[in-house]
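Hi there,

Here is the structure I promised to pass on to you. Have a look at it first, and then read my notes below with the model open beside them.

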Amino acid sequence: TTRSLDGTVVAITGASAGIGAASVYSLVDAGARVAVSARREDRLAKIVSDLGEDKVVPVVGDVRDPGLNDALVKAAVDKWGRLDTMVANAGIGAYGGILDLDDDTLTEMVETNYLGTVWSVRSAVKQFRAQDGGGDIIVVSSVAGFRGGADEAVYAGTKHAQVGLAGSLDRELRAEGIRVTLICPAGTATEFAIGAGRTEGSPDLDAYLRPEDVAHTIRVVLEQPRSVRTTVWQLWSTEQQ
Ligand code: NDP
């Protein structure tokens with residue numbers, strides 16, 4: 001049987017665009033209340049105006065800041081009294097040969113994709129323990145979390161790091177009723193994919209997953225009854241070679 005998400009309280013990082021934004025719309029449609037974070041205030045404000053202040057609360061800031069992640073959880077708890085789910089989704093991708101990316105870009109990628117995930121997961125676990133226990137953590141990694149590729153060594157490294165983090169936390173936290181699930185999409189048609197050198201409307205991008213496909217999978221994961229842990233999902237477009 002499917003678990004209802006009506007009234008569940010979710011926090012999503014990187015919610016201003018792409019997979020994160022699509023997840024907000026999908027989960028609110030399923031009855032959830034969502035606290036959202038990202039740096040672009042105008043994008044978050046648009047989501048709030050689309051869905052309503054009773055359904056969405058925005059927290060503007062940088063996921064690399066541990067305090068931002070605590071503030072995101074606090075916003076959910078202040079407004080709705082608890083937190084049921086953290087979706088650690090914020091991420092960036094810079095592609096290029098190992099000598100081609102500058103130090104600042106590499107550092108930003110590691111800090112955003114890996115440390116940002118650590119901070120958001122940690123903020124959620126603190127809150128799960130402070131309430132009646134249990135909860136869901138969704139980590140948006142990638143198929144690059146399982147196989148590397150030319151010109152994506154450091155990006156794939158951050159995605160592998162998320163896989164190691166989530167797999168370990170699944171073992172560490174399952175006895176508390178905390179489920180940790182990895183969502184690992186292949187190419188998805190977002191600003192991220194466009195920024196990675198593909199142009200909008202190209203055959204390549206048309207063959208990609210849609211952000212709504214990934215959002216739907218996150219919803220399906222959360223709708224599993226509490227007696228089921230699904231742990232790892234890989235998603236591929238049937239069109240993509
Ligand atoms: P988008 O670029 O569309 O969205 C990325 C989101 O992350 C934005 O909301 C952005 O918000 C946020 N973000 C980035 N850096 C920071 C930061 N320092 N602080 C706070 N928020 C930040 O990308 P996607 O939706 O495609 O990516 C989401 C996740 O999916 C990433 O982890 C990515 O690695 C993963 N993924 C993507 C794939 C793809 O092909 N698109 C494939 C596999 C995995 P803002 O800029 O407003 O801060």
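**Around the ligand**

Of the 30 residues around the ligand, the ones that come nearest are Gly14, Gly18, Arg39, Gly91 and Phe192. Two elements give two or more residues to this shell: helix H1 (18-29) and helix H6 (191-195). Sorted by class, the shell around the ligand holds twelve nonpolar, twelve polar and six charged residues. Please keep in mind that this is a predicted model.

**Helices H4 and H5**

Next, turn to helix H4 (residues 103-130) and helix H5 (residues 153-173). How do these two pack? Their axes are 9 Å apart and the angle between them is about 15°. Angles under 35 degrees count as roughly parallel, so that is the word for H4 and H5. The crossing in which H4 passes H5 is right-handed.

- From H4: Leu106, Met109, Val110, Asn113, Tyr114, Thr117, Val118, Val121 and Val125.
- From H5: Val154, Tyr155, Thr158, Lys159, Ala161, Gln162, Leu165, Leu169 and Leu173.

By class, this contact of H4 with H5 has 13 nonpolar residues, four polar ones and one charged.

**A stop at serine 168**

While you are looking at helix H5, pick out serine 168, which lies in it. Is serine 168 buried or exposed? Serine 168 has 11 C-beta neighbours inside 10 Å, so it counts as exposed.

**Helices H3 and H4**

Helix H4 has another partner to look at, helix H3 (residues 66-80). The axes of H3 and H4 come within 8 Å and cross at roughly 40°. H3 and H4 are therefore oblique to each other, and their crossing is right-handed.

On the H3 side, the contact is made by Pro66, Asn69, Asp70, Leu72, Val73 and Val77. On the H4 side, the residues are Trp119, Ser120, Ser123, Ala124 and Gln127. Divided by class, the contact of H3 with H4 has six nonpolar residues, four polar and one charged.

Best wishes

Terms used. Residues numbered from 1 in each chain as written. Predicted model: local features only at pLDDT ≥ 70, side-chain atom pairs only at ≥ 80, totals over all residues. Near = placed C-beta within 6 Å. Helix = DSSP H or I, 4+ residues; strand = E, 2+ residues; numbered from the N terminus. Nonpolar A, V, L, I, M, F, W, Y, C, P; charged D, E, K, R; others polar. Axes fitted to C-alpha atoms, helices over the stretch in contact; angles between N-to-C directions. Parallel < 35°, antiparallel > 145°, perpendicular 65-115°, else oblique. Left-handed = near helix turned anticlockwise from the far one by under 90°. Contact = placed C-beta atoms within 7 Å. Buried ≥ 20, exposed ≤ 12 C-beta atoms within 10 Å, placed from the backbone.
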